[in-house]
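Good morning, everyone, and thank you for making time for this. I would like to walk you through a structure that may be new to you, so please have a look at it before I go on.

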Amino acid sequence: MAAFGRGYRINAMDALVLWVPSVLALAGLTLAVASGIGTAPAWATGVGIGAAVLLLLWLVQATVIASFFSFRARDTAKLALYFLGRLPRSTLVVLVAVVLAGAVGWLMSPALLALLGILWVAAVLRADRPLLAETRQRFVADDS
């Protein structure tokens, strides 16, 4: 339990540096899309929704990288963006996980989503094994 608390404290700032601006951007996108429904062309609404989904995918990948490695925030952001295109299978699994999480939270209950959170995290981490391996191999200096 002490190791978990220590890891949580270490990772909290790295995650907040990524999450705070992203959540603000998502809020702005959500407001823009919601206010444009019915008045904006369908393609503009689609672009807004697509941008929000891409931002969520990037944020999940950045959180995984920040949870396992200690890079500067901008390096974590660049790596997450790089791996979105570099590992399409991982990105697809994360997309499915994000869509399923949104569906469970909206159609059923956020409490059920919280209960299923460990399964969601396990699926994302399993899909991101290649991301973690390549990051460790290519971007982490070997101390030996």
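Predicted model: local features only at pLDDT ≥ 70, side-chain atom pairs only at ≥ 80, totals over all residues.

Residues are numbered from 1 along each chain as its sequence is written, and side-chain values use heavy atoms, with hydrogens and water left out.

What does the secondary structure of the protein come to? There are 7 helices and 0 strands, where helices (H or I, at least four residues) and strands (E, at least two) are DSSP runs numbered from the N terminus. Read from the N terminus on, the order of elements is therefore α-α-α-α-α-α-α. The C-alpha atoms fill a box of roughly 60 × 30 × 25 Å, taken along the principal axes.

The accessible surface comes to about 9500 Å², and 73% of this belongs to carbon and sulfur atoms; such areas come from the Shrake-Rupley method with a 1.4 Å probe, and for residues only the protein chains shown count as cover. Of the 144 residues in the protein, 28% are buried, and here buried means under 20% relative accessible area, exposed means over 50%, and partly exposed is in between, with a 1.4 Å probe and protein chains only. Among the contacts with a separation of 6 or more, 70% are accounted for by residues 24 or more positions apart, with contact meaning heavy atoms within 4.5 Å.

The crossing of α2 past α4 is right-handed, a crossing being left-handed if the near helix is turned anticlockwise from the far one by less than a right angle, and right-handed if clockwise.

On the α2 side the residues are Val-53, Leu-56, Leu-57, Val-60 and Gln-61, and these meet Ser-90, Thr-91, Val-94, Leu-95 and Val-98 of α4. By type, the residues of this contact divide into 7 nonpolar, 3 polar and no charged, where Ala, Val, Leu, Ile, Met, Phe, Trp, Tyr, Cys and Pro count as nonpolar, Asp, Glu, Lys and Arg as charged, and the others, Gly among them, as polar.

Helix α2, residues 42–68, also has a contact with helix α6, residues 117–127, and there the axes come within 11 Å and cross at roughly 85 degrees, which makes α2 roughly perpendicular to α6. Val-60, Val-64 and Phe-68 of α2 make this contact with Trp-120, Val-124 and Leu-125 of α6, and the residues divide into 6 nonpolar, no polar and no charged.

Is Ser-90 buried or exposed? At 3% relative accessibility, Ser-90 counts as buried, and, leaving aside neighbours within four places in sequence, Ser-90 is in contact with Gln-61, Ala-127, Asp-128 and Pro-130.

Ser-22, found in helix α1, residues 2–36, is likewise buried, with a relative accessible area of 4%. Leaving aside its neighbours within four places in sequence, Ser-22 is in contact with Leu-55, Trp-58 and Leu-59.

Trp-106, placed in helix α4, is exposed, with a relative accessible area of 75%. From C-alpha to C-alpha, Trp-106 and Val-60 are 19 Å apart in space, and they are 46 residues apart in sequence.

Finally, Leu-81 lies in helix α3, residues 73–86, and is exposed, with a relative accessible area of 58%.

Methods. Axes fitted to C-alpha atoms, helices over the stretch in contact; angles between N-to-C directions. Parallel < 35°, antiparallel > 145°, perpendicular 65-115°, else oblique.
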